[in-house]
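Biologist: Please take a close look at one part of this model, the aromatic cluster and the core around it. I would like one connected account that also places that part in the fold.

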Amino acid sequence: MQVHVAREETKTGFLPEELLDYFRSRRFEHLKATHICGVMGMASNTDDMERVRADFQAIAATKRAIGEVAPDLRGFDMLSMGMSHDYLIAMQEGATLVRVGSIIRKINSFWNSYYTSFYSLVKPLIYLISPTLSSTSFT
């Protein structure tokens with residue numbers, strides 16, 4: 001379930017108190033084909049890392065509070081928060097799942113350019129070793 005603690009209107013989710021009320025009233029027990037496995041939230045979009053840390057602390061505190069009001073809730077162990085630019089802070093504050101797609105795309109881009117450069121360097125050597133092998137596609 002998404003908790004909203006960010007200081008901006010573009011983010012959505014339940015307010016911490018709304019989630020606590022939901023779990024206090026045990027409405028989750030009426031769900032049929034759904035298992036709530038934790039909470040997720042996004043920090044404010046800011047360069048102020050102390051603000052980001054405070055948002056992550058609020059998200060983690062909400063998850064802990066839910067665990068206190070519904071201690072018999074099984075499998076409620078996920079704390080998803082943090083993205084490529086702030087995942088280290090999220091992990092320091094207890095995240096069990098982070099979203100790091102931007103980092104993966106950058107690494108992939110690096111390796112693609114590295115491979116292209118490497119292949120352009122070795123292609124003449126491949127031809128010298130075996131003209132038959134040089135006509136083989138390595139991509």
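Modeller: Helices here are DSSP runs of H or I with at least four residues, strands are runs of E with at least two, and both are numbered from the N terminus. In those terms the chain has five helices and three strands, and along the sequence they follow the pattern α-β-α-β-α-β-α-α. The model is predicted. Its mean pLDDT is 84, with 80% of the residues at 70 or more. Confidence is highest in helix H2 (residues 49–69), at a mean of 97, and lowest in helix H5 (residues 131–134), at 51.

Now the aromatic part. A search of the whole structure gives three aromatic pairs. In one of them, the ring centres of Tyr22 and Phe23 are 5.2 Å apart and the planes meet at 85°, so this pair is edge-to-face. Planes over 60 degrees apart are counted that way. Both Tyr22 and Phe23 are buried. In another pair, the rings of Phe23 and Phe28 have centres 5.4 Å apart and planes at 35°, so the pair is classed as tilted. Stacked would require planes under 30 degrees apart. Ring pairs join Tyr22, Phe23, Phe28 and Phe76 into a cluster.

Ser25 counts as partly exposed because its relative accessibility is 40%. Its C-alpha atom is 9.3 Å from that of Val69, although Ser25 and Val69 are 44 residues apart along the chain. Arg26 is partly exposed as well, with a relative accessible area of 22%. The phi angle of Arg26 is near 60°, a positive value in a residue other than glycine.

The largest nonpolar core has 23 residues, and the members that touch the most others are Phe23, Phe56, Ile59, Ile66 and Met81. Two or more residues of this core come from each of helix H1 (16–24), H2, strand S2 (78–83) and helix H3 (87–92). H2 gives the most, with five residues. For the chain as a whole, buried residues make up 29% of the 139 residues.

Phe56 shows what one of these core members touches. With neighbours within four places in sequence left aside, Phe56 is in contact with Ala43, Met81, Gly82, Asp86, Ile89, Ala90 and Glu93. One of these contacts, Met81, is itself among the core members that touch the most others. Across the chain, of the contacts between residues at least 6 apart in sequence, 48% join residues at least 24 apart.

S2 and S3 pair in the parallel sense over two bridges, and Met83 stands opposite Arg99 in S3.

Phe14 is partly exposed, with a relative accessible area of 38%. Apart from neighbours within four places in sequence, the contacts of Phe14 are Met1, Gln2, Val3, His4 and Leu19.

To return to the part you asked about: Phe23 is paired with Tyr22 edge-to-face, is paired with Phe28 in a tilted arrangement, and is one of the core residues that touch the most other members.

Technical notes:
Residues numbered from 1 in each chain as written. Predicted model: local features only at pLDDT ≥ 70, side-chain atom pairs only at ≥ 80, totals over all residues. Heavy atoms only, no water. pLDDT = per-residue confidence, 0-100. Phe/Tyr/Trp six-rings, centres within 6.5 Å; stacked < 30°, edge-to-face > 60°. Buried < 20%, exposed > 50% of the residue type's maximum accessible area, 1.4 Å probe, protein only. Core = buried A, V, L, I, M, F, W, Y, C linked by side-chain atoms within 4.5 Å. Contact = heavy atoms within 4.5 Å. Pairing = 2+ DSSP bridges.
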